[in-house]
Amino acid sequence: MLKNYLLIAWRVALQRKLFTFINLLCISLTLLVLLVVTALLENTFAPSGVEGKSHRMLQVLTMVSLNKERGGRRHSPLGYQLITDYIKPLPSAELVAAVSMPESTAVYQPGRVTDLLLRRADAAYWQILDFQVLQGRVPSAEDVANGRFVLVLNQSTAKQLFGEQQAVGQPLNVGGQQFEVIGVVADVLQLNSFSDMWAPVTTYPSTEYQHQQSGQFSALILTRSAADFAAVRQELAMAIQGFQFEDPVRWQELLLWADSKLEFFARNLLGNQQQADAGAMSLIAVISALMLLFMLIPALNLVNLNTGRMLERSTEIGVRKAFGASRRQLLWQFLVENLLLCTVGGLLGLLLAAGALAWLEQSGVIPYLQVNINLTVFGLGLLISLVFGLLSGVIPAWRIAKLDPVVALKGARS
Amino acid sequence: MMLHLLKLVWQRKSRHLLLSLEILLAFMVVFALCATAGHYYRLFHLPTGLVHETRWQIMIEGQKFEELSQNPLEQTATSGSSAAVQPLMAQFQRALQQIPAVQQVAFTDMLLYDLSNQSNTFQRADTAQSLDVNMIAVSDDFFQSAGLPLIAGRGFHARDNGAVHQPVVIDERMAASLFPDRDPIGQLLRYDEANSTESFQVVGVVAALRTQGELMGLAPTLITRLPEQSLPTILFLQLAPGTDRGIEQQLLQQLKQVRSDWRYKIEPLSQKRQSMLRVQMIPLLILAVLSVFLLSMVAFGLFGVLWQHTSQRIPELGLRRAIGATSTDIYWQIIAEQLLLNLVAVSVGLLLLVQLPLTGVLGEHLDWPLFGVASLGAMLIICVLSVLCALYPAWRASRFTPTEALHYE
């Protein structure tokens with residue numbers, strides 16, 4: 001019986017190539033967009049891979065200095081001293097890393113100069129973030145402590161600088177300093193791991209960075225579990241109470257916010273730099289509202305396509321009824337037809353999304369992007385398109401099937 | 001004719017309602033994309049007040065701020081004999097200008113093209129109207145070395161030493177919001193804090209100064225004068241065109257002559273700008289890629305529905321041809337009907353969207369000019385798209401003979 005329905009569905013699909021094509025395209029494009037959006041959102045807010053420990057990680061990227069007398073405010077990245085003296089000793093933190101912002105640095109090779117982004121990090125950085133090491137190794141605690149001039153490149157940079165040659169072991173002049181490449185890691189585009197090159201923090205030309213309160217650093221705090229977030233925040237607030245600025249005439253009070261990924265983006269996008277609440281809830285609300293609005297279009301589109309098509313097919317329904325088909329049989333026919341369309345469209349969408357994401361990663365439109373398709377979201381998207389497909393395809397068919405064959409044959413439109 | 005078309009549209013009202021709803025939604029999405037793209041395009045092309053070519057920045061590290069607190073005392077004691085100790089800023093300036101490639105030397109209290117930012121709240125001395133502004137302090141030569149032209153008034157000079165009101169230069173945005181009714185030059189400002197006694201006088205106006213560069217949001221900006229005796233933190237240099245990084249050694253040598261116990265970090269401004277832009281562009285690139293996908297989804301959806309919608313009417317169009325309508329008539333009918341449908345959807349969409357600039361929820365991110373451009377752009381895209389989608393089936397319909405069209409299924 002099912003085979004019969006499938007056969008009818010197949011024939012109908014072939015007979016109305018245009019409609020089938022458009023319907024498939026709409027379903028798969030919708031799923032494609034949904035999958036790409038969620039893959040990018042997931043990579044930003046809840047990444048896996050390098051920053052896979054994000055769910056138990058807090059970060060401090062901005063210090064807010066306040067002037068109580070004149071009401072001035074300064075927002076700036078942290079200084080290394082602030083991190084070592086105030087954030088590293090927090091008892092609830094398992095590990096605290098300091099890493100500089102990516103800085104454009106000139107790399108000198110015989111006959112050419114390349115401008116690349118360099119981060120300088122301490123040893124804990126390599127423990128908190130799980131870089132995928134392709135060749136060699138990442139700096140050890142010993143390298144950092146002894147100030148060895150060792151350098152880690154990412155895959156694209158290694159290829160750009162050395163071509164097909166083995167990068168590990170090569171000497172490299174970075175910003176006038178002579179480094180040795182000790183490792184190559186996979187490309188990554190995540191908040192704290194985006195860069196072209198990495199070097200130990202101790203390779204700065206001078207040790208002055210150790211005495212800076214504000215500078216170019218951000219702090220990553222790894223806790224044992226997300227349950228410790230509140231404790232870390234409380235301890236941080238206690239630690240910086242009565243903080244002494246080196247320039248007490250200009251600044252007297254310090255604000256530091258230890259944020260999760262979501263809170264970090266919420267704070268920066270919504271500009272909540274001076275209050276403890278980052279506004280994560282508002283950000284989620286805004287994103288969900290936007291997603292809903294965007295998904296309303298394909299839903300409506302599907303409904304439009306299907307209802308139009310069904311009205312057109314009322315003659316066919318009338319003929320089938322006149323030859324003795326029951327409403328049940330008609331219902332089954334349209335159910336199977338829609339299911340088939342949705343499944344094929346869904347699989348096509350999955351393929352398209354995989355292709356689109358692979359193309360995005362390959363083309364370098366977004367540098368270093370590495371994302372995965374979320375199969376849960378795919379399932380959910382497929383389910384939604386199925387629901388809308390059935391609602392819009394089967395309900396009109398059901399209503400037409402109720403009509404007298406004569407009326408249906410004349411066309412339900414009139 | 002119009003009335004007749006309206007009647008045609010009305011007869012299929014339930015079908016058209018769904019269709020216009022989809023056009024309405026598509027219009028809103030396209031509008032959002034246009035507005036975002038327009039916002040960033042405008043932001044990128046608005047003046048930053050900064051020239052990055054041949055400009056270099058030197059960050060000075062290792063100062064002890066106790067020196068600063070000694071300085072004012074020293075200064076008041078020796079104010080009669082100014083030649084006693086030359087301020088450090090002047091010493092640096094002299095030392096650096098011995099290098100022929102150095103054209104201008106100035107100082108600031110904040111790195112340019114950097115993530116840091118300073119702000120404060122100021123109020124008009126007479127009306128007490130207050131405003132949040134971004135702040136930067138610069139030395140007297142900054143305007144020349146940065147290539148920042150004053151559009152009214154003057155910059156800072158040595159005669160400002162010991163002035164009753166501290167001189168400040170403001171940008172046009174601040175001038176427009178605080179002094180819309182009068183010439184800002186000569187007006188007095190003070191800190192918003194009640195217990196503050198310092199007062200400021202506007203001496204000049206610049207077009208804009210966005211210290212973080214091209215993608216920094218627009219905000220009123222106030223430039224204060226870095227007193228000659230202050231402890232230098234950031235040096236801002238203008239070098240001769242074509243100077244390469246080989247000059248760093250020479251610069252360092254001269255700097256060390258002034259204070260060998262301080263550390264200096266030398267960097268071309270173009271390079272700093274590059275790292276800022278590369279990092280800031282990533283979210284925008286992601287957004288752009290998403291919009292391309294979204295746009296294609298909207299376009300294909302509309303295309304499919306409109307195509308089907310027009311194809312269904314091929315028998316009707318055949319009938320019209322049979323009773324004497326030319327294919328041009330058919331085209332016009334289809335286009336006019338489609339535009340009528342668009343008009344309804346777009347006007348409802350505009351009615352909803354106009355609330356955004358009216359209520360000002362998005363503030364300056366969506367002002368009237370941007371709203372105008374974005375709605376026009378979105379309207380154009382939707383109209384062209386929907387007319388194109390409807391025209392192709394109409395063209396097919398007009399090529400059928402009336403008999404074929406009447407039997408079309």
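Predicted model: local features only at pLDDT ≥ 70, side-chain atom pairs only at ≥ 80, totals over all residues.
## A buried tyrosine in chain A

At 12% relative accessibility, Y368(A) counts as buried, because the cut-off for that label is under 20% relative accessible area. Y368(A) is placed in the loop between α11 (327-363) and α12 (375-402) of chain A, and its phi lies near 65°, which is a positive value in a residue other than glycine.

Y113(B) belongs to the loop between β2 (102-108) and β3 of chain B, and with a relative accessible area of 2% Y113(B) is buried.

Another loop of chain B, the one between β5 (150-153) and β6 (166-171), holds F156(B). F156(B) counts as buried because its relative accessibility is 5%, and the cut-off for buried is under 20%. Leaving aside residues up to four places away in sequence, F156(B) touches V138(B), D140(B), F143(B), P167(B), V168(B), V169(B), V203(B), I223(B), T224(B) and R225(B).

## Strands within chain A and across to chain B

Within chain A, strand β2 (residues 63-66) is joined to β3(A) by four bridges, and the two strands run antiparallel.

In β3(B), S119(B) is the bridge partner of R73(A), while N117(B) is the bridge partner of H75(A). R73(A) and H75(A) point one way from β3(A), whereas R74(A) and S76(A) point the other way, and all of them are buried.

## The interface of chain B and chain A

The contact draws 57 residues from chain B and 64 residues from chain A. Between them the two chains bury about 5,400 Å², and 62% of this area is on carbon and sulfur atoms. On the side of chain B, R278(B), F293(B) and M297(B) supply 12% of the area that chain B buries against chain A, which is more than any other three residues supply.

Four salt bridges are found across the interface of chain B and chain A. D196(A) forms a salt bridge with R278(B), and the closest N and O atoms of this pair are 2.8 Å apart. Counting residues that are both at pLDDT 80 or more, there are 14 residue pairs in polar contact between chain B and chain A.

Several elements of chain B, namely α2 (13-45), β1 (55-61), β3 (117-124), β11 (263-268) and α8 (269-311), each supply at least two residues of the side that touches chain A. Of the elements on this side, α8(B) gives the most, with 22 residues. By residue class, the side of chain B that touches chain A divides into 25 nonpolar, 17 polar and 15 charged residues.

Technical notes
Residues numbered from 1 in each chain as written. Chains lettered and ligands numbered in written order. Heavy atoms only, no water. Contact = heavy atoms within 4.5 Å. Buried area = accessible area lost by both parts, 1.4 Å probe. Salt bridge = Lys/Arg side-chain N within 4 Å of Asp/Glu carboxyl O. Polar contact = N/O pair within 3.5 Å; in protein donor to acceptor, adjacent residues only side chain to side chain. Nonpolar A, V, L, I, M, F, W, Y, C, P; charged D, E, K, R; others polar. Pairing = 2+ DSSP bridges. Buried < 20%, exposed > 50% of the residue type's maximum accessible area, 1.4 Å probe, protein only.
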